[in-house]
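Student: I have a structure to read and some questions about it. Can we go through them together?

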Amino acid sequence: MLLAIDSSTGTSVAVVDRDGGILAEQAVDDTMRHAEVVGALIRDTLSAAGVSAADLSAVACGMGPGPFTGLRIGIAAARAFAFGAGKRVVPLVSHDAVAFAWYAAGNSGDLLVATDARRRELYWSAYTGTTVHGLPIRSAGPGLAAAEDVPPGTGMRIDADAVSAGSLGMLAELTWAAGAGFAADEPLYLRSPDVTMSSRKRVTA
Amino acid sequence: MNREAPLVLGIETSCDETGIGIVRGRELLSNTIASSMEEHARYGGVVPEVAARAHLEELVPALTAAVAEAGISLDDLDAIAVTSGPGLSGALMVGVGAAKALAVALDKPIYAVNHLVGHVGADILDGSGTPFEYPTIALLVSGGHTSLLLVRDLVSDVELLGETIDDAAGEAFDKVARLLGLPYPGGPEIDRLAALGDPAAIRFPRGLTLPKDMAKHRYDFSFSGLKTSVARWVEKQQDLGNEVPVADVAASFREAVADVLLTKAIAACADHQVPRLLLGGGVVANARVRELATERAAAAGVALRIPPLSLCTDNGAMIAELGAQLIMAGHGPSTLDFSADSTLPVTEIQVS
Ligand SMILES: [Zn+2]
C-alpha cells in the first residue's frame with residue numbers, strides 16, 4: 001500500500017493498493033494553494049482509505065515536471081511524511097502517470113503528454129506504448145518548450161490540466177511489482193532559477 | 001500532551017537557512033542549521049528561488065541530523081512547530097508543506113508561528129543566563145528584517161513599534177560591501193575593514209532621526225538613503241582621482257548603522273519605561289553593534305541581552321521554543337489549513 005502525492009499541477013493525494021486499486025483520492029486543482037491544502041489532503045485521504053502511516057510500504061512522489069513553487073511543496077511533503085513514517089520515497093515522472101492512465105484505459109499507440117509550464121511554455125513527454133507489464137515507454141522528454149515548439153508527435157496528444165495521484169500510485173505499484181527502476185530522486189524543474197543580477201550602477205550622474 | 005515540558009520539533013525556512021530545532025520545555029536539544037548562503041554569494045544577495053530549492057534538498061538531511069543529535073524518538077514528540085511567516089514566500093512554503101506532512105505522518109499537533117516572535121523566544125534557550133522577564137524591548141536586525149518590538153508577553157502580547165521602511169540593515173551592509181568591492185555577505189567584511197578605519201572620518205546621515213521624521217517615524221528605520229550617500233561619497237572620491245579610504249568608509253558607515261539602531265532602541269526603552277533590551281538577528285554578529293549596545297544600555301540603565309550567534313541568526317530552535325511556550329501557556333494547536341504568509345504581522349504570534 002502506498003501514499004501518493006503529486007503537486008506538478010494542482011495538489012493530488014491518493015492511497016493505493018496493488019490488488020485493491022485506488023482506495024481513496026482527493027485533489028485540489030487550484031495551482032496556487034499547494035502549501036495550504038497539502039496537509040489536510042493527506043490527512044483526509046488516509047482517513048477516507050482507513051489507513052494509517054504505519055500500514056504503508058512507501059510514499060510515491062511525482063517529481064514533475066511542474067512549475068517550481070508548487071512542485072516543490074508536494075515533494076517536501078512526500079519526503080517529510082516518509083521521514084516521519086520511516087518509509088522510503090519512490091520518485092516518478094509525473095507525466096508518466098498521465099500516460100499510464102491512458103494506456104491502462106485500453107488505448108495504444110504513440111502519445112504526447114503536455115502540461116502547463118506558465119510563461120507560454122509547456123512541459124512535454126512522448127510515449128510509444130507500454131512494456132509487457134503495462135508500464136508506459138517514454139521515448140522523449142520530459143522537456144520544456146514554447147507552446148509552438150513542442151514536438152508535434154504522431155499519435156494522440158493529451159494536454160493534461162491535472163495529474164492524478166491515484167494513477168501515479170498505481171504506476172508506482174506496477175513499477176515495483178515489475179522490478180523496474182524509479183525516476184531520479186530530484187525535482188524536474190527543467191528551468192534555471194530566476195536571478196536578477198543587479199549591476200553596479202552609479203547613483204550620481 | 002505534556003504541557004510542563006513539551007518536546008517540540010521546529011522547522012524554519014523563511015530565508016536562506018534551513019533550520020531544524022528540537023527543544024524540551026526550555027531546554028535546547030538540537031539547533032541544526034543548513035545554510036545556502038554560499039550559493040547566493042555570486043549574486044550578492046539572497047536569491048529566493050535558489051533558497052527555496054536548497055530548502056527542499058536540505059530538509060530531510062537536517063531533520064535526520066537534528067533527531068540524531070537530540071537523541072529522541074519521533075514518536076515522543078508532543079508537537080511540530082513551523083514558521084508561517086514573515087519571510088520569502090516560496091521558501092516558507094517548503095517548510096509549511098513539510099511540517100504539515102510530518103505532523104500528519106506522526107499524528108501530532110502543529111503550531112504555525114511568527115518568525116519575528118521566534119527571534120525573541122530564542123532568548124529562553126540561551127543557557128548563559130536567566131532569560132528576560134517581560135516586558136522587554138527587542139531589536140531584531142538581519143538581512144531580511146529590521147524591527148523594534150515591545151514584548152509584553154511572548155505568547156500573547158507583542159507590539160511592533162517600528163521597522164525599516166526600505167532596506168533591512170543587513171541588506172545595507174551587503175550593498176555597501178558590494179560598492180566597496182567586498183564579497184557577500186557584507187557584514188563580516190565591513191566589520192573586518194572597519195576595525196582598521198576611523199568611524200568619525202565621514203559623517204554619513206542617520207536615517208529618520210531628524211525632528212520632522214521623528215514625529216511620524218520615531219521607531220522606524222531607513223537605510224536606503226545611507227547606502228546612496230555612501231555610494232555618492234565614494235564616486236566623488238573616484239571622480240576626483242583620490243584613492244578611496246575603504247577602511248574609513250566602512251567604519252563610518254558601520255557607525256551610522258549602529259548609532260541609529262541603538263539610538264532608537266534605547267529611546268523605545270525610555271519612552272515605554274522598559275529597562276530591558278534584547279538583541280536578535282544575524283547583524284548581532286557585528287562587533288560594533290554589540291559594543292555600542294553595551295555602552296548605550298549601561299548609560300541608560302537598561303539591562304541588555306544578546307543570545308549566542310547561533311540562536312540570533314535564523315534557526316529552527318527558536319521556532320520550536322515559541323511552539324513550546326504556546327503549549328505551556330495552554331494554547332491549542334493550529335489547524336492544517338494555514339498558509340505561508342510573507343507579510344505576517346508580528347501581532348499574529350500563532351496562525352490558527
Ligand atoms: Zn530572522
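Student: What is the mean pLDDT of chain B?
Tutor: Keep in mind that this is a predicted model. In chain B, 100% of the residues reach a pLDDT of 70 or more. The model as a whole scores ipTM 0.96 and pTM 0.96. The mean pLDDT of chain B is 96.

Student: Which residues coordinate the zinc ion?
Tutor: Start with the spacing of the donors along the chain: H-x3-H-x25-H-x168-D. The distances to the zinc ion are 2.1 to 2.3 Å. The residues are His115(B), His119(B), His145(B) and Asp314(B).

Student: How many residues apart are His145(B) and Asp314(B)?
Tutor: Both of these residues are buried. His145(B) sits in the loop between β6 and β7 of chain B. Asp314(B) sits in the loop between α11 and α12 of chain B. This pair links distant parts of the chain, and the separation is 169 residues.

Student: What is the arrangement of the 4 donor atoms around the zinc ion?
Tutor: Look at the angles they subtend, 89 to 155°. A tetrahedral site needs all angles between 85 and 135 degrees. The angles here therefore make the arrangement irregular.

Student: How far apart are the end C-alpha atoms of helix α3 of chain B?
Tutor: Helix α3 covers residues 89–106, which is 18 residues. At 1.5 Å a residue, the helix should span 26 Å. The model agrees: the end C-alpha atoms are 26 Å apart.

Student: How many of the residues of α3(B) are buried?
Tutor: Just after α3(B), Asp107(B) has a positive phi of about 55°. The helix itself is mostly covered. Of its 18 residues, the number buried is 17.

Methods. Residues numbered from 1 in each chain as written. Chains lettered and ligands numbered in written order. Predicted model: local features only at pLDDT ≥ 70, side-chain atom pairs only at ≥ 80, totals over all residues. Heavy atoms only, no water. Donors = N, O, S within 2.8 Å, 3.2 Å for Na, K, Ca; no water. Tetrahedral: all angles 85-135°; square planar, octahedral: opposite > 155°, others 65-115°. Helix = DSSP H or I, 4+ residues; strand = E, 2+ residues; numbered from the N terminus. Buried < 20%, exposed > 50% of the residue type's maximum accessible area, 1.4 Å probe, protein only. pLDDT = per-residue confidence, 0-100. Expected span 1.5 Å × (residues − 1).
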